[in-house]
Amino acid sequence: MRMQPEPAMRTDSRPGKSRRSPLQTLYKGDQQPELLAAQRSLQGRREHLEQGCLSHKRKRQVLSPEDLKHLIVDDKHGLIYCYVPKVACTNWKRVLMVLTSDGRYINPLAIPANEAHVAGNLRTLSEFSVPEINRRLRSYLKFIFVREPFERLVSAYRNKFTRSYNTAFHKRYGTKIIRRNRPDPEPEALEKGSDVSFPEFVQYLVDPRTQREEPFNEHWERVHSLCHPCLIHYDLVGKYETLEPDAQAVLELAGVQGTLQFPTSGKSTRTDGNMAARFFKHISPFYQKKLFNLYRMDFLLFNYSTPEYLRTR
């Protein structure tokens, strides 16, 4: 599928809206004074991403509809959101269900998490024709939320492999990981796949056979592979580390900040850098280096520094 080049600044063609693009307002910094620092940060991230893409230009890639299945579309407010698992995507899906529901949903937190992930509740860009895809890419506000790559990875491991209720993941991936990486596994482990260690998970990720056999699962796939930020020019790059102000900026640009609040997380055991460091303590320098190389582009494009706890030299 050939996609037309996108303009650097979106022009707002939606009916009933000001002729001036919300992004022009955002990046000219003439909103409320307390938002100026957040605006400058958002602009800096977008510029860093553009520079990173120029510096690491690869052979021109043509996107297929399959590549666009993570881009959720809100036609009512002119939004495109690329969801990244383990980066507040459940709450963003809840918010978008409220925005697109014509009053059926009012409170994002009243929507059960499993309902937010039901295919068909939200439209994705992959469902449209090529001309319709290109029209939306040119004129809609496109945003993405990212997270420090190894904190996201540890969060995915904890959620999918250390929770007893995730039996589907244990069967689908855990059994394969144990069979491939554990010497003399117990029959029960081979059958259930419920006790995968983090070092075993890392070995599975860096093994070339893994991606030859099938694409990474979306929970540990690299952001640049899920959302194609060097081909799709995102207007806003939000970060998990500054989730609340960044989400507020998106809702302001969508014109719904007075009617909708982004849900705040009440998690007390959120995966942070200290927790990631504890997990990586058991990974050898050899595997740390291989894993960093695997996620290197996400570190570079989204301006995350190499973690201090890595022993890759």
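Reply: A charge sits over a ring if NZ of Lys or CZ of Arg is within 6 Å of the ring centre and within 35 degrees of the ring normal. This is a predicted model. In it, the charged end of R136 is placed over the ring of F128, 3.9 Å from the centre. R172 likewise lies over the face of Y173, with 4.6 Å to the ring centre.

Me: How many aromatic pairs does a search of the whole structure find?

Reply: The search returns 26 aromatic pairs. One case is W92 with F145: the ring centres are 5.3 Å apart and the planes meet at 45°, so the pair is classed as tilted. Planes under 30 degrees apart would count as stacked, and those over 60 as edge-to-face. W92 belongs to helix α3 (residues 89-100) and F145 to strand β4 (residues 141-146), so the pair ties together parts 53 residues apart in sequence. Both W92 and F145 are buried.

Me: In what order do the strands of the open sheet run?

Reply: Strands of a sheet pair through backbone hydrogen bonds, in either a parallel or an antiparallel sense. Here 5 strands form an open sheet in the order β3-β1-β2-β4-β5, with mixed pairing. Its edge strands are β3 (123-124) and β5 (236-239), each of which pairs on one side only. Strand β1 (residues 71-74) pairs with β3 in the antiparallel sense over 2 bridges, and V73 stands opposite R123 in β3. Helix α3 lies across β1, β2 (79-82) and β4, and runs at about 25° to β1.

Me: Which cysteines form disulfides, and what pattern do the disulfides follow?

Reply: A disulfide is identified when two cysteine sulfur atoms are within 2.5 Å. The whole structure contains 2 disulfides. C53 and C230 form one, with sulfur atoms 2.0 Å apart. This pair links distant parts of the chain, as C53 is in helix α2 (residues 36-55) and C230 in the loop between α11 (223-227) and β5, 177 residues apart. C53 is buried at 12% relative accessible area, whereas C230 is partly exposed at 31%.

A further disulfide joins C82 to C227, S to S 1.9 Å. The torsion about its S-S bond is about -85°, so the disulfide of C82 and C227 is left-handed. C82 lies in strand β2 and C227 in helix α11, 145 residues apart; both C82 and C227 are buried. With bonded cysteines counted along the chain, the pattern is 1-4, 2-3.

Key: Residues numbered from 1 in each chain as written. Predicted model: local features only at pLDDT ≥ 70, side-chain atom pairs only at ≥ 80, totals over all residues. Heavy atoms only, no water. Phe/Tyr/Trp six-rings, centres within 6.5 Å; stacked < 30°, edge-to-face > 60°. Helix = DSSP H or I, 4+ residues; strand = E, 2+ residues; numbered from the N terminus. Buried < 20%, exposed > 50% of the residue type's maximum accessible area, 1.4 Å probe, protein only. Pairing = 2+ DSSP bridges. Contact = heavy atoms within 4.5 Å. Axes fitted to C-alpha atoms, helices over the stretch in contact; angles between N-to-C directions.
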